[in-house]
Amino acid sequence: MFFIHVSIILTVASYVSLSTVNCPVEADPVTLLSCVAIDAVGLVEATKGNIKVFCAMAERFMECVKTKTRGCFGEEFVRGSLSELIELSQKCCVNTNEKPGEECPFVAKPNCFSTSDAALSTYGYEIPIGDLKPGDSVLAIDHSQNIISSDIVAILHYENNSQALFYTITTELGNQFSVTSEHLIFIGNNRYIQAKDLTLNNTLYILHDNALREEKIESINLKIKRGYSTPITSVGTMIVNKISSSCYSTVHSHQLAHYSLAPLRWIYNIKKQLKLINTNRIENGIHWYPKTLNNIMHTMLPTVFTSTKL
């Protein structure tokens, strides 16, 4: 999520270095760090569910930047620098008696990969997550931690322009990918854990020279990113940015999720035999099957199996 602050600092710094305008000392990008710190606090609080704090901090941040620049950069420049923050404020900061809608990334809880990451094709090239379609063949892992090829059988949720809060996980050797909070991550010995529960003591399994190797987690950061998708393979796993992961979210059990989606695999196999697989570009929205199944599970099963409604 802190990419907003970094991009503002870099943009301001580059503009100052090139500008011939005699700006006041407050326009020095170093002094703008106080504004950035205000915004950082607000965003961190928002990830804890305190949207009111985010809205208050966002307002203070924008006022701080405008005050310290004093028109030095021009109204258009300031508006461009703050566009991301302004968009978030419009989506999340509503009237006192209203609740933020699903378009607010702090409220919406999709269960997905970031579309900016990539799966690995069976044939060795990368496929952006946002471009995956039923019928594509990608690398995955089986229950014995063997690397195998597996078909994409469905896309459970796809939004190419919506924002979401992601856990961006980086290993000690620099491998990195982003998933939403309740996405299940493979940590070895047929065990999967939700991203929000990962710690720096956990080990991830990375594709290296056609085999899996263990790498410790070096950092876990929260970021707001645009675009997410939930591709499902026939084996329920996928290698994304060389990192082994489950395809499933929301439920705490990878196996339970895999069993519950068996009908989707049956339907896919029948369509494949009949050569009826739809390979057109995926439309935005939630697939009818997981949406119906998730609502049934929340109604009929103990909450230990589930944690979020679609």
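What is the accessible surface of the protein, and what share of that area belongs to carbon and sulfur atoms? In this predicted model, the accessible surface comes to about 15600 Å², and carbon and sulfur atoms account for 53% of that area. The protein has 310 residues, of which 47% are buried. Its secondary structure consists of eight helices and 13 strands. Among contacts between residues at least 6 apart in sequence, 63% join residues at least 24 apart.

Strand S7, residues 183-188, pairs with strand S8, residues 191-194, in the antiparallel sense over four bridges. Within this pairing, Leu184 stands opposite Gln194 of S8. Two residues lie between the strands of this hairpin, and Asn189 takes a positive phi near 55 degrees there.

S7 is also joined to S12; the two run antiparallel and are connected by two bridges. Here His183 stands opposite Ser249 in S12. Strand S12 spans residues 243-249 and is mostly covered, with seven of its seven residues buried.

S12 has a further antiparallel partner in strand S11, residues 237-240, to which four bridges connect it. Val240 has Ile243 of S12 as its bridge partner. The hairpin of S11 and S12 has two residues between the strands, and in it Asn241 takes a positive phi near 50 degrees.

Both Asn241 and Ile243 are touched by Gln176, whose contacts beyond four places in sequence also include Thr168, Ile169 and Thr170. Gln176 belongs to strand S6, residues 176-180. Is this residue exposed, partly exposed or buried? Gln176 counts as partly exposed because its relative accessibility is 34%, a value in between the 20% limit for buried and the 50% limit for exposed residues. Although Gln176 and Ile220 are 44 residues apart in sequence, their C-alpha atoms are 9.6 Å apart in space.

The remaining topic is the empty space in the model. Rolling a probe the size of a water molecule over the atoms shows where such space is left. The largest pocket holds about 500 Å³ of space. Its lining comprises 21 residues, and Pro134, Ala154, Lys271, Ile282 and His287 lie nearest the centre of the pocket. At least two lining residues come from each of strand S5 (147-171), helix H7 (262-273) and strand S13 (285-286).

Methods. Residues numbered from 1 in each chain as written. Predicted model: local features only at pLDDT ≥ 70, side-chain atom pairs only at ≥ 80, totals over all residues. Heavy atoms only, no water. 1 Å grid on protein atoms, 1.4 Å probe; cavity = no way out; pocket = protein on both sides within 12 Å on 5 of 7 lines; lining within 4 Å. Points joined across faces, edges and corners; volume = space filled by probe spheres on them. Pairing = 2+ DSSP bridges. Buried < 20%, exposed > 50% of the residue type's maximum accessible area, 1.4 Å probe, protein only. Contact = heavy atoms within 4.5 Å. Areas by Shrake-Rupley, 256 points an atom, 1.4 Å probe, with all protein chains shown as cover.
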